[in-house]
Amino acid sequence: MPRVVVFNEFGGPDVMQIIEEPVVEPAVGEVRVRIEAFAVNPLDQMMRSGTSPATVPLPHARLGVEGTGVVDALGPEITGLKVGDPVILTAIPDAGVRGSYAEYTTVPASRVLARPAGLAITEAAAIWVAYSTAYGALVEKARLRPGDHVLITAASGGVGRAAMQIANQIGAVPIAITRHTANTDDLLAAGAAAVIATDGVDVVEAVRRHTGGTGADIVLDVVMGPGQQDLLKAVRPGGTLVAAGFLDSRPTPFPTSAPLTIFSYRSFEHTLDTVVVKRMAAFLNAGVRLGALRPAIDKVFALDDVVEAHRHLEKGLHAGKKIVTV
Ligand SMILES: NC(=O)c1ccc[n+]([C@@H]2O[C@H](COP(=O)([O-])OP(=O)(O)OC[C@H]3O[C@@H](n4cnc5c(N)ncnc54)[C@H](OP(=O)(O)O)[C@@H]3O)[C@@H](O)[C@H]2O)c1
(Lines give C-alpha, C1' and ligand atoms only; values in the text may rest on other atoms or scores of the structure.)
Protein backbone atom coordinates (compact mmCIF):
# COMPACT_ATOMS: atom_id res chain seq x y z
CA MET A 1 0.00 0.00 0.00
CA PRO A 2 1.19 3.60 -0.57
CA ARG A 3 3.17 5.25 2.19
CA VAL A 4 2.41 8.55 3.92
CA VAL A 5 4.13 10.52 6.69
CA VAL A 6 1.87 11.28 9.69
CA PHE A 7 2.29 12.42 13.28
CA ASN A 8 -0.06 11.93 16.22
CA GLU A 9 1.44 14.41 18.71
CA PHE A 10 3.49 17.61 18.54
CA GLY A 11 7.21 17.29 19.15
CA GLY A 12 10.64 16.84 17.60
CA PRO A 13 11.40 15.18 14.26
CA ASP A 14 10.92 11.71 15.81
CA VAL A 15 7.14 12.18 16.10
CA MET A 16 6.89 11.64 12.33
CA GLN A 17 6.06 8.08 11.26
CA ILE A 18 5.73 6.48 7.86
CA ILE A 19 2.55 4.40 7.62
CA GLU A 20 0.74 2.63 4.79
CA GLU A 21 -2.80 3.52 3.83
CA PRO A 22 -5.09 3.39 0.78
CA VAL A 23 -5.17 6.25 -1.70
CA VAL A 24 -8.05 8.74 -1.55
CA GLU A 25 -10.32 8.82 -4.61
CA PRO A 26 -10.61 12.33 -6.06
CA ALA A 27 -14.00 14.03 -5.56
CA VAL A 28 -15.55 16.57 -7.93
CA GLY A 29 -12.91 19.10 -8.97
CA GLU A 30 -10.02 17.13 -7.42
CA VAL A 31 -7.00 15.29 -8.80
CA ARG A 32 -4.79 12.62 -7.27
CA VAL A 33 -1.05 13.14 -7.74
CA ARG A 34 1.63 10.45 -7.51
CA ILE A 35 4.36 12.39 -5.76
CA GLU A 36 7.95 12.09 -6.95
CA ALA A 37 9.58 14.59 -4.58
CA PHE A 38 8.60 17.15 -1.97
CA ALA A 39 10.40 20.03 -0.27
CA VAL A 40 10.88 20.47 3.47
CA ASN A 41 9.91 23.98 4.59
CA PRO A 42 10.18 25.83 7.93
CA LEU A 43 6.35 25.81 8.07
CA ASP A 44 6.46 21.98 8.21
CA GLN A 45 8.75 22.13 11.22
CA MET A 46 6.37 24.60 12.91
CA MET A 47 3.33 22.41 12.19
CA ARG A 48 5.12 19.32 13.50
CA SER A 49 6.27 21.03 16.69
CA GLY A 50 2.92 22.74 17.42
CA THR A 51 4.17 26.31 16.89
CA SER A 52 2.37 27.02 13.62
CA PRO A 53 -0.63 29.34 13.34
CA ALA A 54 -1.96 26.84 10.74
CA THR A 55 -4.58 24.34 11.92
CA VAL A 56 -3.03 20.92 12.59
CA PRO A 57 -5.61 18.14 12.97
CA LEU A 58 -4.14 15.69 15.52
CA PRO A 59 -3.98 12.71 15.54
CA HIS A 60 -3.01 11.53 12.06
CA ALA A 61 -1.80 14.94 10.88
CA ARG A 62 0.04 15.15 7.57
CA LEU A 63 2.72 17.57 6.42
CA GLY A 64 4.00 19.23 3.25
CA VAL A 65 2.81 22.27 1.32
CA GLU A 66 4.63 21.69 -1.96
CA GLY A 67 6.06 18.97 -4.21
CA THR A 68 6.02 17.57 -7.70
CA GLY A 69 4.69 14.45 -9.39
CA VAL A 70 2.35 13.22 -12.09
CA VAL A 71 -1.44 13.24 -12.25
CA ASP A 72 -2.59 9.75 -11.23
CA ALA A 73 -6.42 10.07 -11.27
CA LEU A 74 -9.02 12.71 -12.12
CA GLY A 75 -12.25 13.41 -10.27
CA PRO A 76 -15.42 14.40 -12.14
CA GLU A 77 -15.56 17.75 -13.98
CA ILE A 78 -11.81 18.20 -14.45
CA THR A 79 -10.74 19.87 -17.66
CA GLY A 80 -7.28 20.81 -18.87
CA LEU A 81 -5.46 17.94 -17.09
CA LYS A 82 -4.97 14.27 -17.94
CA VAL A 83 -3.50 11.24 -16.21
CA GLY A 84 0.28 11.27 -16.57
CA ASP A 85 0.68 15.07 -16.75
CA PRO A 86 3.75 16.27 -14.81
CA VAL A 87 2.68 18.90 -12.27
CA ILE A 88 3.83 20.87 -9.25
CA LEU A 89 1.74 21.17 -6.09
CA THR A 90 1.29 24.82 -5.16
CA ALA A 91 1.02 25.75 -1.52
CA ILE A 92 -1.51 23.24 -0.14
CA PRO A 93 -3.43 25.28 2.48
CA ASP A 94 -4.78 22.23 4.38
CA ALA A 95 -1.42 20.44 4.44
CA GLY A 96 -2.37 18.79 7.75
CA VAL A 97 -4.90 16.73 5.78
CA ARG A 98 -3.58 16.58 2.20
CA GLY A 99 0.15 17.17 2.75
CA SER A 100 2.75 16.30 0.13
CA TYR A 101 4.88 14.10 2.46
CA ALA A 102 3.42 10.98 0.86
CA GLU A 103 3.48 8.77 -2.20
CA TYR A 104 0.04 10.12 -3.20
CA THR A 105 -2.12 13.07 -2.31
CA THR A 106 -5.53 14.18 -3.53
CA VAL A 107 -6.02 17.94 -3.90
CA PRO A 108 -8.29 20.44 -5.66
CA ALA A 109 -7.22 20.76 -9.30
CA SER A 110 -6.64 24.48 -8.65
CA ARG A 111 -3.67 23.49 -6.46
CA VAL A 112 -1.66 21.99 -9.33
CA LEU A 113 0.20 23.69 -12.16
CA ALA A 114 2.08 22.23 -15.14
CA ARG A 115 5.66 21.40 -14.13
CA PRO A 116 8.03 24.00 -15.64
CA ALA A 117 10.03 22.34 -18.43
CA GLY A 118 13.76 22.00 -17.94
CA LEU A 119 13.82 21.48 -14.18
CA ALA A 120 15.04 18.32 -12.47
CA ILE A 121 12.47 16.60 -10.21
CA THR A 122 14.32 17.85 -7.14
CA GLU A 123 14.25 21.43 -8.46
CA ALA A 124 10.59 21.29 -9.45
CA ALA A 125 9.72 20.11 -5.93
CA ALA A 126 11.38 23.23 -4.55
CA ILE A 127 10.21 25.98 -6.84
CA TRP A 128 6.76 27.04 -5.69
CA VAL A 129 6.94 28.11 -2.05
CA ALA A 130 10.27 29.93 -2.18
CA TYR A 131 9.75 31.66 -5.54
CA SER A 132 6.08 32.50 -5.12
CA THR A 133 6.85 33.97 -1.69
CA ALA A 134 9.80 36.03 -2.93
CA TYR A 135 7.90 37.13 -6.03
CA GLY A 136 4.71 37.94 -4.09
CA ALA A 137 6.54 39.90 -1.39
CA LEU A 138 8.90 41.79 -3.68
CA VAL A 139 6.93 42.31 -6.88
CA GLU A 140 3.23 42.16 -5.95
CA LYS A 141 3.56 43.85 -2.53
CA ALA A 142 6.66 46.05 -2.62
CA ARG A 143 6.52 46.83 -6.38
CA LEU A 144 10.22 46.08 -6.91
CA ARG A 145 11.57 47.90 -9.96
CA PRO A 146 14.79 47.88 -11.99
CA GLY A 147 17.60 49.69 -10.18
CA ASP A 148 16.05 49.28 -6.72
CA HIS A 149 18.45 48.25 -3.97
CA VAL A 150 16.81 45.37 -2.12
CA LEU A 151 18.10 43.96 1.18
CA ILE A 152 17.49 40.22 1.43
CA THR A 153 17.70 38.61 4.86
CA ALA A 154 18.50 34.90 5.40
CA ALA A 155 19.88 35.05 1.87
CA SER A 156 21.38 31.55 2.22
CA GLY A 157 17.90 30.05 2.60
CA GLY A 158 15.29 28.98 0.06
CA VAL A 159 13.33 32.25 0.00
CA GLY A 160 16.52 34.33 0.13
CA ARG A 161 18.12 32.65 -2.88
CA ALA A 162 14.87 32.89 -4.83
CA ALA A 163 14.64 36.60 -3.95
CA MET A 164 18.16 37.26 -5.21
CA GLN A 165 17.44 35.55 -8.53
CA ILE A 166 14.12 37.40 -8.93
CA ALA A 167 15.77 40.75 -8.16
CA ASN A 168 18.40 40.04 -10.82
CA GLN A 169 15.74 38.96 -13.31
CA ILE A 170 14.01 42.32 -12.80
CA GLY A 171 17.22 44.36 -12.96
CA ALA A 172 17.20 45.32 -9.27
CA VAL A 173 20.28 45.15 -7.03
CA PRO A 174 20.13 42.33 -4.42
CA ILE A 175 22.16 42.91 -1.25
CA ALA A 176 22.38 39.66 0.71
CA ILE A 177 22.37 39.50 4.51
CA THR A 178 23.81 36.46 6.30
CA ARG A 179 24.89 35.77 9.86
CA HIS A 180 28.23 34.32 8.77
CA THR A 181 31.11 36.00 6.89
CA ALA A 182 32.09 32.53 5.69
CA ASN A 183 28.99 32.51 3.43
CA THR A 184 30.12 35.58 1.45
CA ASP A 185 31.64 33.87 -1.61
CA ASP A 186 28.75 31.42 -1.87
CA LEU A 187 26.20 34.25 -1.85
CA LEU A 188 28.13 36.32 -4.41
CA ALA A 189 28.16 33.23 -6.65
CA ALA A 190 24.40 32.85 -6.03
CA GLY A 191 23.74 36.32 -7.46
CA ALA A 192 24.22 38.83 -4.64
CA ALA A 193 25.56 42.20 -5.79
CA ALA A 194 27.00 42.61 -2.28
CA VAL A 195 26.95 40.61 0.94
CA ILE A 196 26.57 41.94 4.48
CA ALA A 197 27.55 39.48 7.20
CA THR A 198 26.07 40.44 10.56
CA ASP A 199 28.94 38.75 12.42
CA GLY A 200 31.43 41.11 10.80
CA VAL A 201 30.05 44.59 10.11
CA ASP A 202 27.56 47.24 11.17
CA VAL A 203 24.51 46.56 8.98
CA VAL A 204 23.28 50.18 8.73
CA GLU A 205 26.70 51.53 7.80
CA ALA A 206 27.30 48.73 5.29
CA VAL A 207 23.96 49.33 3.57
CA ARG A 208 24.74 53.04 3.26
CA ARG A 209 28.08 52.17 1.66
CA HIS A 210 26.52 49.75 -0.84
CA THR A 211 23.73 52.17 -1.80
CA GLY A 212 25.79 55.31 -2.35
CA GLY A 213 24.58 56.76 0.96
CA THR A 214 20.85 56.67 0.20
CA GLY A 215 19.75 53.48 1.98
CA ALA A 216 17.84 50.50 0.60
CA ASP A 217 14.62 50.92 -1.35
CA ILE A 218 13.13 47.63 -0.17
CA VAL A 219 13.86 45.09 2.56
CA LEU A 220 12.65 41.50 2.52
CA ASP A 221 12.75 40.45 6.18
CA VAL A 222 12.17 36.73 6.72
CA VAL A 223 14.06 36.74 10.04
CA MET A 224 12.47 39.48 12.22
CA GLY A 225 13.44 39.57 15.92
CA PRO A 226 15.62 42.38 17.35
CA GLY A 227 17.71 42.57 14.15
CA GLN A 228 14.77 44.22 12.37
CA GLN A 229 15.63 47.52 14.08
CA ASP A 230 18.82 47.82 12.03
CA LEU A 231 16.98 46.95 8.83
CA LEU A 232 14.47 49.75 9.47
CA LYS A 233 17.34 52.22 9.89
CA ALA A 234 18.92 50.97 6.66
CA VAL A 235 15.88 51.76 4.47
CA ARG A 236 15.66 55.12 2.74
CA PRO A 237 12.80 57.44 3.77
CA GLY A 238 9.75 56.36 1.78
CA GLY A 239 11.14 52.85 1.29
CA THR A 240 9.38 49.58 2.04
CA LEU A 241 9.94 46.66 4.43
CA VAL A 242 8.09 43.42 3.81
CA ALA A 243 8.02 41.12 6.83
CA ALA A 244 7.50 37.62 5.45
CA GLY A 245 9.09 35.16 7.86
CA PHE A 246 10.14 34.57 11.44
CA LEU A 247 13.37 32.59 11.62
CA ASP A 248 14.40 34.47 14.78
CA SER A 249 11.99 33.42 17.53
CA ARG A 250 12.94 36.35 19.80
CA PRO A 251 10.38 39.19 20.09
CA THR A 252 10.39 41.84 17.35
CA PRO A 253 10.25 45.38 18.80
CA PHE A 254 7.37 47.49 17.49
CA PRO A 255 8.69 49.45 14.46
CA THR A 256 8.56 53.12 15.38
CA SER A 257 11.18 54.58 13.07
CA ALA A 258 11.13 56.57 9.85
CA PRO A 259 8.38 57.16 7.27
CA LEU A 260 8.35 53.70 5.71
CA THR A 261 5.72 51.39 4.31
CA ILE A 262 5.68 48.11 6.22
CA PHE A 263 3.82 45.06 4.96
CA SER A 264 3.26 41.77 6.70
CA TYR A 265 3.20 39.15 3.96
CA ARG A 266 1.60 35.70 3.95
CA SER A 267 1.86 34.04 0.56
CA PHE A 268 -1.50 32.26 0.87
CA GLU A 269 -3.14 35.64 0.27
CA HIS A 270 -1.76 35.37 -3.29
CA THR A 271 -1.42 31.64 -3.92
CA LEU A 272 -5.18 31.12 -3.47
CA ASP A 273 -5.96 33.95 -5.91
CA THR A 274 -6.11 32.52 -9.44
CA VAL A 275 -5.36 35.88 -11.09
CA VAL A 276 -2.14 36.36 -9.11
CA VAL A 277 -1.20 32.68 -9.48
CA LYS A 278 -1.42 33.11 -13.26
CA ARG A 279 1.04 36.03 -13.05
CA MET A 280 3.33 34.11 -10.67
CA ALA A 281 3.37 31.04 -12.91
CA ALA A 282 4.08 33.14 -16.00
CA PHE A 283 6.95 34.92 -14.23
CA LEU A 284 8.45 31.65 -12.90
CA ASN A 285 8.12 29.83 -16.22
CA ALA A 286 9.77 32.71 -18.09
CA GLY A 287 12.59 32.87 -15.53
CA VAL A 288 13.22 29.13 -15.70
CA ARG A 289 13.11 29.18 -19.51
CA LEU A 290 15.61 32.06 -19.68
CA GLY A 291 17.87 30.46 -17.08
CA ALA A 292 17.44 33.29 -14.55
CA LEU A 293 15.55 31.19 -11.97
CA ARG A 294 16.75 27.82 -10.71
CA PRO A 295 16.20 26.52 -7.16
CA ALA A 296 19.38 25.80 -5.20
CA ILE A 297 19.21 22.35 -3.63
CA ASP A 298 21.02 21.91 -0.34
CA LYS A 299 20.50 18.19 0.23
CA VAL A 300 18.31 15.33 -1.03
CA PHE A 301 16.90 12.66 1.32
CA ALA A 302 14.97 9.42 0.74
CA LEU A 303 11.45 9.13 2.18
CA ASP A 304 12.76 6.71 4.83
CA ASP A 305 15.07 9.52 6.02
CA VAL A 306 12.39 12.20 6.47
CA VAL A 307 13.21 12.48 10.19
CA GLU A 308 16.84 13.17 9.28
CA ALA A 309 15.68 15.84 6.79
CA HIS A 310 13.88 17.69 9.61
CA ARG A 311 16.90 17.40 11.90
CA HIS A 312 19.00 18.95 9.14
CA LEU A 313 16.50 21.80 8.71
CA GLU A 314 16.51 22.51 12.43
CA LYS A 315 20.27 23.07 12.50
CA GLY A 316 19.57 26.30 10.51
CA LEU A 317 22.89 26.11 8.67
CA HIS A 318 21.74 24.80 5.31
CA ALA A 319 22.09 26.58 1.98
CA GLY A 320 19.04 26.20 -0.25
CA LYS A 321 16.21 23.68 -0.21
CA LYS A 322 15.96 20.28 1.46
CA ILE A 323 14.24 17.75 -0.79
CA VAL A 324 12.82 14.29 -0.11
CA THR A 325 12.43 11.97 -3.09
CA VAL A 326 9.61 9.45 -3.00
N1 LIG B 1 5.22 34.67 4.30
C2 LIG B 1 5.10 33.49 3.75
O3 LIG B 1 4.08 33.16 3.18
C4 LIG B 1 6.26 32.55 3.81
C5 LIG B 1 6.46 31.60 2.81
C6 LIG B 1 7.61 30.79 2.85
C7 LIG B 1 8.50 30.93 3.93
N8 LIG B 1 8.22 31.84 4.91
C9 LIG B 1 9.12 32.02 6.05
O10 LIG B 1 10.32 32.62 5.57
C11 LIG B 1 11.39 32.21 6.41
C12 LIG B 1 12.52 31.69 5.52
O13 LIG B 1 12.09 30.52 4.84
P14 LIG B 1 13.15 29.66 4.03
O15 LIG B 1 12.44 28.52 3.43
O16 LIG B 1 13.98 30.54 3.18
O17 LIG B 1 14.06 29.13 5.25
P18 LIG B 1 15.38 28.35 5.21
O19 LIG B 1 15.73 27.91 3.82
O20 LIG B 1 15.31 27.32 6.26
O21 LIG B 1 16.45 29.49 5.65
C22 LIG B 1 17.66 29.06 6.13
C23 LIG B 1 18.64 30.22 6.29
O24 LIG B 1 18.13 31.21 7.15
C25 LIG B 1 19.17 31.73 7.95
N26 LIG B 1 18.74 31.58 9.35
C27 LIG B 1 18.38 30.47 9.97
N28 LIG B 1 18.03 30.72 11.26
C29 LIG B 1 18.21 32.03 11.42
C30 LIG B 1 18.05 32.91 12.52
N31 LIG B 1 17.64 32.48 13.73
N32 LIG B 1 18.33 34.20 12.36
C33 LIG B 1 18.76 34.65 11.16
N34 LIG B 1 18.92 33.87 10.07
C35 LIG B 1 18.65 32.57 10.21
C36 LIG B 1 20.42 30.91 7.68
O37 LIG B 1 21.26 31.65 6.83
P38 LIG B 1 22.68 32.24 7.36
O39 LIG B 1 23.32 31.12 8.13
O40 LIG B 1 23.39 32.61 6.10
O41 LIG B 1 22.35 33.41 8.20
C42 LIG B 1 19.89 29.68 6.96
O43 LIG B 1 20.76 29.19 5.98
C44 LIG B 1 10.83 31.18 7.39
O45 LIG B 1 10.52 31.83 8.60
C46 LIG B 1 9.56 30.72 6.70
O47 LIG B 1 8.61 30.23 7.62
C48 LIG B 1 7.14 32.64 4.85
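What follows is a short exchange on the terms used for this predicted model.

Author: Residues are numbered from 1 along the chain as its sequence is written, and side-chain values use heavy atoms, without hydrogens and water. The model is predicted, so local features need pLDDT of at least 70, side-chain atom pairs count only at pLDDT 80 or more, and totals for chains, interfaces and linings use all residues.

Reader: Why is helix 5 called roughly perpendicular to helix 10?

Author: Helix 5 (residues 158–170) and helix 10 (residues 274–290) pack at about 85°. Angles of 65 to 115 degrees count as roughly perpendicular, under 35 as roughly parallel, over 145 as roughly antiparallel, the rest as oblique. So helix 5 is roughly perpendicular to helix 10.

Reader: Which residues of helix 5 and helix 10 meet?

Author: Ile166, Gln169 and Ile170 in helix 5 meet Phe283, Ala286 and Gly287 in helix 10. Contact means heavy atoms within 4.5 Å.

Reader: What is the make-up of the contact of helix 5 with helix 10: nonpolar, polar or charged?

Author: Four residues are nonpolar, two polar and none charged. Ala, Val, Leu, Ile, Met, Phe, Trp, Tyr, Cys and Pro count as nonpolar, Asp, Glu, Lys and Arg as charged, and the others, Gly among them, as polar.

Note on methods. Axes fitted to C-alpha atoms, helices over the stretch in contact; angles between N-to-C directions. Helix = DSSP H or I, 4+ residues; strand = E, 2+ residues; numbered from the N terminus.
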